[in-house]
Amino acid sequence: MAVLEILTYPDERLKQESVPVADFDDDLRARVAALEETRLAGPGAVGIAAPQVGWFERVVIVDVSKLKKPVPNHGYLVLVNPEITAWEGFAVGREGCLSVPDFTGNVIRAEAIRLEARDPWGQALEFQMQGFEARAVQHEMDHLDGLLFLDRLVSRRNDLFRRKNHQ
Ligand code: NI
């Protein structure tokens, strides 16, 4: 296993739409393991999406369980072919991204979501999520549609912030 190279803005490949996973096989699970290793090698990333490493299938990993300030969460999640089936409320929050290493931004997201996905063995998953975990999932799923948080800023002038460090 190896830490994979992360595509960074403005790499055009980050705009590519990813396709659904068809085969829940050992190759998928090996790719997920490499994706997770890459996430953990990054600076405190709570999520990563397959297209960020040039793998254009609908797979994201989210884990907001290790934050200094605890938030409601479902632990370590590998979400294959995720679909949001319900949205509730709106909130503004600060986001960062391994593909946009030098900036953070304020983005409006649904406050709560209902989510359906598969795990890497093809088992159906369903979650009700809120707050930061719901935000992280929405952010990662955007990557599957070729979107970055930069595309969702209301105002680049007011909502984009240069990082002082990578935490
Ligand atoms: Ni991201």
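Helices (H or I, at least four residues) and strands (E, at least two) are DSSP runs, numbered from the N terminus. The model is predicted: local features need pLDDT of at least 70, side-chain atom pairs count only at pLDDT 80 or more, and totals for chains, interfaces and linings use all residues. Residues are numbered from 1 along each chain as its sequence is written, and side-chain values use heavy atoms, with hydrogens and water left out.

**Stop 1**

Begin by selecting His-139 and His-143, which both lie in helix H2, four residues apart, or about one turn of the helix.

**Stop 2: the nonpolar cores**

Now select Leu-79, Ile-113, Leu-115, Phe-127, Met-129 and Val-137, the residues with the most contacts inside the largest nonpolar core, which has 19 residues. Strand S2 (59–62), S3, S4, strand S5 (124–130) and H2 each supply at least two residues of this core, and H2 gives the most, with five. Such a core is a set of buried Ala, Val, Leu, Ile, Met, Phe, Trp, Tyr and Cys residues joined through side-chain atoms within 4.5 Å.

Centre the view on Phe-127. Leaving aside neighbours within four places in sequence, Phe-127 is in contact (heavy atoms within 4.5 Å) with His-74, Leu-77, Leu-79, Ile-113, Arg-114 and Leu-115.

**Stop 3: the largest pocket**

Show the surface next. The largest pocket has a volume of about 970 Å³. Of its 31 lining residues, Gly-44, Ala-45, Val-46, Leu-67 and Phe-132 are the closest to its centre. A pocket is found on a 1 Å grid over the protein atoms alone, as an open set of points where a 1.4 Å probe fits, with protein on both sides within 12 Å along at least five of seven lines; lining residues have an atom within 4 Å of a point.

Helix H1 (26–41), strand S3 (77–95) and helix H2 (131–144) each supply at least two residues of this lining, and the largest share, six residues, comes from H2.

**Stop 4: the second largest pocket and Arg-152**

Finally, select Ile-84, Trp-87, Gln-138, Asp-142 and Arg-152, which lie nearest the centre of the second largest pocket, among its 14 lining residues. About 290 Å³ of space lies in this pocket. The largest share of its lining, five residues, comes from S3.

Where does Arg-152 sit? Its place is in the loop between H2 and helix H3 (156–159). Arg-152 is partly exposed, with a relative accessible area of 37%. Not counting residues up to four places away in sequence, Arg-152 touches Val-107, Arg-109, Asp-142 and Leu-147.

Notes:
Points joined across faces, edges and corners; volume = space filled by probe spheres on them. Buried < 20%, exposed > 50% of the residue type's maximum accessible area, 1.4 Å probe, protein only.
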